[in-house]
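Take the fold as a whole, then its parts.

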Amino acid sequence: MINVEIKKNLFYFDLDVNFDLNKEVLVLKGPSGSGKTTVLNCIAGLDKPDSGIIRIDDEIVYSSRNKIDYPARDRNISYVFQNFALFPHMTVFENILFGVDKRKREDLDYVRKLMDIFGISHLKDRKSNCISGGEKQRTALARALATKPHILLMDEPFSSLDVKIKSTLYDEFLELKNSLDIGVILVTHDPHEAKVLGDRIVNIKEGSCIYDISARKSRLVK
Ligand SMILES: Nc1ncnc2c1ncn2[C@@H]1O[C@H](COP(=O)(O)OP(=O)(O)OP(=O)(O)O)[C@@H](O)[C@H]1O
């Protein structure tokens, strides 16, 4: 589904990562400054590797050798940013509709369904700067899924939330992920979150991948 083999010179070390993603949740875990966000940005087309190749659904979206570099909008990827990046002057509904073809009735119905699933329908007309952290997280996730991406990138989306809200959102996220059948790359510092949500964990240390197959095993034996 996605294959990443990229190198990039960063300030203190070289990023050199190499992994595949299928329809699963792959967790990128590692200390602050180890290169996790840079990897997501390169996959999304918001940053550029120095060399390498990125394939999405068997299509090459980035290749240094062949000088291919698809813009972000053509990669069929959605991105949930750490601070959610909602448009504060827009309502919850307008935020989620952003990027959706509003002329298509089935797409509008899908947006309403997502709002139901995430329990935010009652906030439809509320400005997004007047909702709680957990509600912002749900809105950001609904917005990311509204465009029906093949890949979902999430950069520490739960980090600013309290423990109780986090565990509710973990359950909602896993339920939805199973029904959507998409690939997810989730960046986190939190070992518990990595274990609960990840099918597979890739640790990044100073720009290099260290694989950890234990997470997948522990999920399989449950
Ligand atoms: N455009 C850039 N060019 C060179 N170096 C960069 C660039 N952007 C970030 N860096 C450096 O690359 C390293 C990795 O940064 P990155 O934001 O990817 O780390 P991270 O693992 O996501 O960190 P955090 O968990 O704190 O968000 C840092 O040392 C940073 O200073």
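Which residue takes a positive phi just after α1? G45 does, at about 90°. Helices here are DSSP runs of H or I with at least four residues, strands are runs of E with at least two, and both are numbered from the N terminus.

This is a predicted model: local features need pLDDT of at least 70, side-chain atom pairs count only at pLDDT 80 or more, and totals for chains, interfaces and linings use all residues. Residues are numbered from 1 along each chain as its sequence is written.

Start with the whole. The protein has seven helices and eleven strands. Its C-alpha atoms fill a box of roughly 45 × 40 × 30 Å along the principal axes. The radius of gyration is 17 Å, which agrees with the value near 17 Å for a compact globule of 222 residues. That radius is taken over C-alpha atoms, and the globule rule is 2.2 Å times the number of residues to the power 0.38. Of the 222 residues, 36% count as buried. Buried means that 20 or more other C-beta atoms lie within 10 Å of the residue's own; exposed means 12 or fewer, and partly exposed lies in between, with C-beta atoms placed from the backbone.

Now the domains. Domain 1 covers 1-76 + 150-221, and domain 2 covers 87-148. The bounds come from an automatic or database domain assignment. The contact takes ten residues from domain 1 and eight residues from domain 2. Contact means C-beta atoms, placed from the backbone, within 7 Å. On the domain 1 side, α5 gives the largest share, five residues. By class, that side has eight nonpolar, one polar and one charged residues. Ala, Val, Leu, Ile, Met, Phe, Trp, Tyr, Cys and Pro count as nonpolar; Asp, Glu, Lys and Arg count as charged; the others, Gly among them, are polar.

Turn to the ligand. The residues around the ligand include G30, G35, K36 and T38. Near means a C-beta atom, placed from the backbone, within 6 Å of the molecule. The shell divides into three nonpolar, seven polar and one charged. G30 sits in the loop between β3 (25-29) and α1. G30 counts as buried because it has 22 C-beta neighbours inside 10 Å. Leaving out residues up to four places away in sequence, G30 touches K36, N203, I204 and K205. K36 is also one of the buried residues of α1 (residues 36-44), along with T38, V39, L40, C42 and I43.

Helix α4 comes next. Eleven of the 14 residues of α4 are buried. What covers them includes β7 (77-80), α2 (92-97), α3 (105-117), β8 (151-155) and α5 (163-180). Just after α4, K148 takes a positive phi of about 50°.

Two loop residues close the tour. D57 lies between β4 (51-56) and β5 (59-63). Its phi is near 50°, positive in a residue other than glycine. D57 counts as exposed because it has 12 C-beta neighbours inside 10 Å. F84 lies in the loop between β7 and α2. F84 is not a glycine, yet has a positive phi of about 75°. With 19 C-beta neighbours inside 10 Å, F84 counts as partly exposed.

Definitions and conventions. Contact = placed C-beta atoms within 7 Å.
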